Amino acid sequence: MKQTHRDLLTSAHWGTYHVDVDAGGVTALRPFEQDGDPSPIGQGIAGVLDGPTRITAPMVRKSWLEGGPGSAGHLRGEEPFVEVSWAETDRLVSAELSRVIETHGNRAIYAGSYGWASAGRFHHAQGQLKRFLNCIGGYTGSKNTYSFAAAEVLVPHVLGDFRGPLDSTTSWQSIAKHCELFVAFGGVPLKNGQISQGGLGAHVQKAGITGAAEAGVTFVNISPLKTDMDAVAQAEWIAPRPSTDTALMLGLAHVLLDEALHDTAFLAKYTAGFDRFAAYLRGETDGIPKSANWAADICAIPADKIRTLARRMARQRTMISVSWSLTRQDHGEQPFWAAIALASMLGQIGLPGTGLGFGYSAMNNVGLNRRQIEYASLPQGHNPVPDFIPVARVTDLLENPGGYFDYDGQSRSYPDIRLVWWAGGNPFHHHQDLNRMRRAWARPETVIVNEWCWNSLARHADIVLPCTTPLERSDIALTPKDPFQVVMDQAIDPVGQAKSDHDIFCGIAARMGVEAAFTEGRSPEDWQRWLYDISRQSAAREGVSLPDWDSFQRDGYFRVPEPEQDMIMLESFRKDPVAHPLKTPSGKIEIFSQTIAGFEYDDCPGHPAWMTPVEWLGDARAYPLHMISNQPRTKLHSQLDHGIVSQSGRIKGREPCMMHSADAAARGLVPGQVVRIFNDRGTCIAGLEVSDDIMPGVVQISTGAWYDPQADACRNGNPNVLTPDKGTSRLAQGPIAHSCLVEIEAAPEGLAHSQIYTPPELISRAP
Ligand SMILES: Nc1nc2c(c(=O)[nH]1)N[C@H]1C(S)=C(S)[C@@H](COP(=O)(O)OP(=O)(O)OC[C@H]3O[C@@H](n4cnc5c(=O)[nH]c(N)nc54)[C@H](O)[C@@H]3O)O[C@H]1N2
Ligand SMILES: Nc1nc2c(c(=O)[nH]1)N[C@H]1C(S)=C(S)[C@@H](COP(=O)(O)OP(=O)(O)OC[C@H]3O[C@@H](n4cnc5c(=O)[nH]c(N)nc54)[C@H](O)[C@@H]3O)O[C@H]1N2
Ligand SMILES: [Mo]
């Protein structure tokens with residue numbers, strides 16, 4: 001282990017911390033002194049680095065070890081594991097990869113391997129996996145994210161690009177100086193601003209919203225949850241039915257049009273196809289004017305409120321923020337398209353502090369004024385396999401080899417998957433309709449998983465390769481999303497026989513004769529110096545001089561200076577749309593897209609439109625409550641669910657579920673009670689929290705509890721047993737977790753606690 005004279009440092013997706021270590025291991029993660037608003041999430045790792053939930057040796061599922069690939073896949077998640085040596089897993093994995101590739105080709109390997117893993121530029125699990133697989137002929141991959149797939153596919157058709165505008169979302173500083181009215185669909189959830197992918201140094205979202213409120217900005221929180229906006233904003237709270245924001249935006253747009261409050265000069269100069277959209281708003285295409293009265297019925301908001309809000313938005317310097325959650329619902333393309341159309345009608349896009357923002361506080365980096373430096377990442381090589389799936393179509397892929405699917409104008413087919421490999425993500429956390437996914441998961445012949453703890457994913461594998469946590473290896477956190485670049489010190493020795501993902505792949509690569517191609521002769525430290533060197537050069541091109549490697553290691557971190565100018569989304573396009581056209585066919589904002597219209601999708605026409613979602617309160621006969629399963633406050637997804645911070649937020653050991661007092665009273669339910677949330681897809685056990693900060697008819701339970709199935713129930717409170725698994729539309733095929741109806745009742749008395757935090761049965765073989 002490397003020696004250092006300063007406090008040990010680490011970086012996580014939830015912040016930078018000092019690491020305290022004694023002879024027994026890591027005792028605490030202390031807040032970084034540069035962070036004015038540190039997240040408590042970090043401490044969650046301190047108690048779980050070792051102990052029963054830690055995977056300490058390579059493991060193989062019993063039937064698979066005895067019978068080989070394809071043995072009793074339906075017993076995944078139920079069978080004991082047999083402890084084996086690394087030499088044995090290297091042999092088993094390389095033989096199985098060779099068999100699958102020779103018999104079925106590389107496209108039979110699914111390694112989309114979606115997930116967040118941990119921060120650190122080199123030890124990036126997914127990057128390591130993909131680099132390794134590319135050395136042996138590639139794999140079937142996945143496209144887009146669970147976060148906002150609908151926007152990733154739609155917005156490039158409308159603005160020419162999504163990531164660029166997202167990464168230059170107008171800064172909080174600019175909002176404080178120039179904005180008067182901040183209208184937030186989905187709120188500004190500070191709980192989510194705890195996170196930034198790849199690490200962060202200082203949390204800025206609380207300061208951002210506080211600064212804007214103190215500067216006199218008025219906030220409107222449009223969300224089923226009052227708590228989606230911090231009290232400091234003193235926001236007006238408007239609670240629409242979930243999954244109806246598009247109708248609300250169309251209603252607002254109709255008022256602007258009807259009262260001639262829209263900016264015709266902006267629309268003419270910067271947009272294309274507004275006339276088609278206007279005809280739809282007036283009802284010329286379908287006989288239904290999208291008036292405030294029309295929207296009021298759909299959203300369950302008084303029409304007067306909609307009219308008043310539209311007039312205020314036209315009168316004032318207005319910022320519209322659309323939460324990423326709006327994309328994770330049925331027809332999730334539409335709220336983003338409608339918001340772009342609405343902001344275009346207000347004519348303030350590209351001006352300081354106003355216009356449009358993609359999800360303030362969805363992460364710490366949204367609205368964080370910073371320089372964009374292209375740091376180097378581990379080269380992944382070339383994947384010769386052309387097959388891919390839209391990431392959330394994984395169950396369809398496993399269920400339906402050879403089946404066809406639509407995606408962004410293409411018709412494609414699912415390959416026949418024989419081997420699944422996951423490193424750094426947890427589909428038993430992130431996917432919808434988990435009971436259905438679990439049945440499909442029985443089909444592949446082999447499932448390989450790199451994990452460090454016995455979560456649901458590890459339990460559903462055939463071969464479990466135990467990896468280290470960031471505290472057991474050295475790395476560097478380099479990220480364009482944050483000004484702080486941080487040294488990640490190794491704080492303790494690897495626990496048990498755990499190896500870094502990189503070392504795991506080195507062992508298998510050696511057996512398959514591709515070690516030289518995989519490592520290029522570099523050690524992990526050589527690679528980190530290499531990544532840092534290239535990053536230094538690209539920073540220098542942006543006028544930023546990163547310290548040399550030794551100074552960086554000595555100081556532990558470096559803060560990239562702030563840019564002189566406030567970040568403003570689409571600023572150069574606004575200043576000169578001829579010199580800086582958008583990368584759309586017209587060079588302008590496409591309120592109507594001929595390209596999308598040309599796809600002739602019944603569920604995604606050529607302009608923003610309201611289509612009823614599969615499940616919503618407007619048609620809640622079977623199940624009367626709308627369930628929001630949003631991001632957890634006490635952790636990142638399923639990570640550290642077994643740790644102290646996540647567990648301390650529980651109610652009688654159960655995942656909290658929030659319900660309005662009137663709904664609880666109508667069902668005779670009381671706070672603190674254990675309840676079952678259910679629909680046709682499954683049942684989820686939770687602890688009841690009663691509050692008037694949620695709109696009646698809506699219930700909220702965070703994602704992230706480790707899935708613990710018993711028949712179709714999750715005993716541990718994972719809401720994804722209830723959520724529907726369907727694409728947003730044929731365009732993006734994104735996940736729709738937020739469009740989900742349920743019912744709630746008291747759970748049977750004396751229900752046993754989940755056993756998910758005790759490991760599966762482990763059989764050790766004497767040497
Ligand atoms: N119902 C519902 N479902 C959702 C959402 C929702 O809003 N509602 N949100 C969705 C969204 S936006 C997302 S992004 C996804 C997130 O889903 P995921 O990113 O899959 O969730 P994580 O729990 O972060 O999974 C990361 C896994 O990597 C493991 N890990 C950590 N470090 C390492 C490492 O160094 N090496 C290896 N090999 N493994 C490591 C962790 O133990 C963990 O199991 O969930 C989606 N699912
Ligand atoms: N602490 C923590 N922070 C996180 C994460 C985490 O796991 N934990 N995950 C990170 C990731 S990967 C992502 S992608 C981002 C996601 O960021 P978001 O998409 O913003 O996350 P959510 O918490 O699902 O949604 C935000 C709020 O939207 C509201 N909402 C849900 N449905 C509707 C609707 O139909 N209409 C309206 N108006 N509001 C609605 C919910 O009340 C919810 O609290 O968060 C990131 N930040
Ligand atoms: Mo996400």
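1. Conventions. Residues are numbered from 1 along each chain as its sequence is written, and chains are lettered from A and ligands numbered from 1 in the order in which they are written. As this is a predicted model, local features need pLDDT of at least 70 and side-chain atom pairs count only at pLDDT 80 or more, while totals for chains, interfaces and linings use all residues; side-chain values use heavy atoms, with hydrogens and water left out.

2. Shell of ligand 2. Ligand 2 is surrounded by 32 residues, the closest being Lys 191, Asp 228, Ser 243, Asp 245 and Arg 328; a residue is near a molecule if one of its heavy atoms lies within 4 Å of it. By class, this shell has 14 nonpolar, 13 polar and five charged residues. Nonpolar here covers Ala, Val, Leu, Ile, Met, Phe, Trp, Tyr, Cys and Pro, charged covers Asp, Glu, Lys and Arg, and the others, Gly among them, count as polar. Both domain 3 (154–371 + 567–599) and domain 4 (617–746) give residues to the shell, so ligand 2 lies between them. The domain bounds come from an automatic or database domain assignment.

3. Polar contacts of ligand 2. A polar contact is a pair of N or O atoms within 3.5 Å; within protein, one must be able to donate a hydrogen and the other to accept it, and residues adjacent in sequence count only if both atoms are side-chain atoms. An N or O atom in the side chain of Lys 191 is 2.7 Å from an oxygen atom of ligand 2. A polar backbone atom of Ser 243 also lies 2.7 Å from an oxygen atom of ligand 2. For Gly 186, a backbone N or O atom is 3.3 Å from a nitrogen atom of ligand 2. Of the 910 Å² of accessible area that ligand 2 has on its own, the protein covers 99%. Accessible areas come from the Shrake-Rupley method with a 1.4 Å probe, and for residues only the protein chains shown count as cover.

4. Shell of ligand 1. Here 35 residues surround the ligand, and the closest are His 430, Glu 451, Asp 501, Ser 638 and Asn 720. The shell around ligand 1 divides into 10 nonpolar, 21 polar and four charged residues. Domain 2 (59–144 + 376–477 + 484–536 + 545–559) and domain 4 (617–746) each supply at least three of the shell residues. Helix 15 (427–430) and strand 18 (446–451) each give at least two. Helices (H or I, at least four residues) and strands (E, at least two) are DSSP runs, numbered from the N terminus.

5. Polar contacts of ligand 1. A polar backbone atom of Trp 116 is 2.9 Å from an oxygen atom of ligand 1.

6. Aromatic pairs. The structure holds 36 aromatic pairs. Rings of Phe, Tyr and Trp (its six-membered ring) pair if their centres lie within 6.5 Å; planes under 30 degrees apart count as stacked, over 60 as edge-to-face and the rest as tilted. Phe 162 and Phe 358 have ring centres 5.3 Å apart and planes at 55°, so this pair is tilted. Phe 162 is in the loop between helix 4 (149–159) and helix 5 (163–167) and Phe 358 in the loop between strand 13 (355–357) and strand 14 (388–390), so the pair ties together parts that are 196 residues apart in sequence. Both Phe 162 and Phe 358 are buried, that is, under 20% relative accessible area, with exposed meaning over 50% and partly exposed in between (1.4 Å probe, protein chains only). With centres 5.5 Å apart and planes at 70°, the rings of Trp 610 and Trp 616 are edge-to-face. Trp 610 is buried at 15% relative accessibility, and Trp 616 is buried at 9%. One aromatic cluster is formed by Tyr 110, Trp 422, Phe 428, Trp 441 and Tyr 707.

7. Helix 18. Eight of the 11 residues of helix 18 (residues 501–511) are buried, so the helix is largely enclosed by the rest of the structure. Among the buried residues are Asp 501, His 502 and Phe 505. Gly 513, which follows helix 18, has a positive phi near 75°.

8. Asn 144 has a positive phi near 70°, sits in the loop between strand 7 (141–143) and helix 4, and is partly exposed at 22% relative accessible area. Leu 640 has a positive phi of about 65°; its place is in the loop between strand 24 (625–628) and helix 24, and at 6% relative accessibility Leu 640 is buried.
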